[in-house]
Amino acid sequence: MIYSARDNEFYIKNLQDFVPSKIFDSHVHLYNSRHMSDHDLPEIKTPMNVDIEYFKEMMRKFLPDREIQANCFPFPRKSLDIDLANKYIAEEVEKKPGFFHQMLISPDISAREIRTMVEIYGFRGLKCYHLFSNHQPTQNSPIQEFLTEEQVEFANTKKMTITLHIVKPRSLSDPENLEVINRYAKDYPNAIIILAHAARGFNSWNTINGIDSLKRYENIFFDTSAVTESGAFQAIINKFGHQRLLYGSDFPVSHIRGKCISLADQFVWLTDENFQNFSKRNNAHHFNELTPTLVGYESILALKEAAVLMDLSIKDIEDVFFNNAKNIEAFQ
Ligand SMILES: [Zn+2]
């Protein structure tokens, strides 16, 4: 992962004054690449061991002089040894004040197995992911096929958080997704449901169009991770209040260079690599003068755009970056 002088310059000019002194990063991946197959490694150049020390080292450059706490979980891959990855996370956060962990689950892991792991390793939450769904393609999976009711019921008994990255093309505008989130949130009020990526609002309109049908249950939250356009953040602040929005970097996705942009009713990751290939193939030399920065900075810039346009106060911004997460019992 490369952090350049230009990134730093961009940060100082555009973001430094906006980012508060205390950060709770609600969406951090830690992993050891030995726990997954080589063909399945995340498409980000990282060392073998992406541990808390490495996270802190990268964050010292990314958000200098900020006090950082975090919610950490494995990097879900199809070939990942989930059991090893969970034990790795548990060892990492042990005796590290301010660092919390979620257990990665597949739909085959029973509530009894989760209970055993929670009793031994003290997980504060669950992280589910569509890759483990039996539905094909998994990108179209209904929520209950990768987060079972039994698992939510268990999270409810322990007041655990659940980071849920919904899928299906319409994300939050999908009626089936809405039905399941509303039902889980209503029936299990002590389970804290964190809808990752502003409810997968990579195309803002999916969150904007769906959010009115999401009930205002107290246990529904959203994280900002890897979303680089501000529409979904504005919809959340407008309908749920800024108190339900949690800052998340999606480390190490934060350190991909590029941006995720809306395109018609879809979205596309415009990464540095795609960008260079495009400009080479098309002999579009003027593209060479453009210098993309980090996805993590683009996401904070989108959050700043929402904050400016919606007149958030300094206190409101501090809430999004820190207090909202710390008001959740599982992160105390
Ligand atoms: Zn993530």
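Which residues touch the most other members of the largest nonpolar core? The points below take this up after the overall fold.

1. Basis. This is a predicted model, in which local features need pLDDT of at least 70 and side-chain atom pairs count only at pLDDT 80 or more, while totals for chains, interfaces and linings use all residues. Residues are numbered from 1 along each chain as its sequence is written.

2. Overall form. The protein has 12 helices and 12 strands; these are DSSP runs (helices H or I, at least four residues; strands E, at least two), numbered from the N terminus. The C-alpha trace spans about 55 × 45 × 40 Å along its principal axes.

3. Of the 332 residues, 47% are buried. Buried means 20 or more other C-beta atoms within 10 Å of the residue's own, exposed means 12 or fewer, and partly exposed lies in between, with C-beta atoms placed from the backbone. Two residues are in contact if their C-beta atoms, placed in that way, lie within 7 Å. Among contacts between residues at least 6 apart in sequence, 76% join residues at least 24 apart.

4. The sheet. Eight strands form an open sheet with parallel pairing, in the order E1-E4-E5-E6-E7-E8-E9-E10. Strands E1 (22–29) and E10 (245–246) are the edges, each pairing on one side only. Pairing requires at least two DSSP bridges between two strands. E1 and E4 are joined over 6 bridges, and Lys22 has Glu67 in E4 as its bridge partner. E4 (residues 67–73) pairs with E5 (residues 99–105) over 3 bridges; here Ala70 stands opposite Phe99.

5. Helix H2. In H2 (residues 52–62), Phe55, Met58, Met59 and Phe62 are buried. They line one face of the helix, because they fall within an arc of 105° seen down the axis. The arc is that of the directions from the helix axis to the C-beta atoms. Glu53 and Glu57, on the other side of H2, are exposed. The cover over the buried residues includes E1, E4 and H11.

6. Helix H5. Gln151, Val152, Phe154 and Ala155 are buried in H5 (residues 149–157). Their arc around the axis is only 160°, so they sit on the same side of H5. Among the elements covering them are E5, helix H4 (111–121) and strand E7 (161–164). Lys159 follows H5 and has a positive phi, near 55°.

7. The core. The answer to the opening question is Ile162, Leu164, Ile193 and Ile194, out of 96 residues in the largest nonpolar core. Helix H11 (residues 295–309) gives the most to this core, with 7 residues. A nonpolar core is a set of buried Ala, Val, Leu, Ile, Met, Phe, Trp, Tyr and Cys residues joined through C-beta atoms within 7 Å. Leaving aside residues up to four places away in sequence, Ile194 touches residues including Ser26, Ile162, Leu164, Phe221 and Leu246.

8. Glu179. This residue is found in helix H6. Glu179 counts as partly exposed because it has 14 C-beta neighbours inside 10 Å. Its C-alpha atom is separated by 8.4 Å from that of Leu214, 35 residues apart along the chain.
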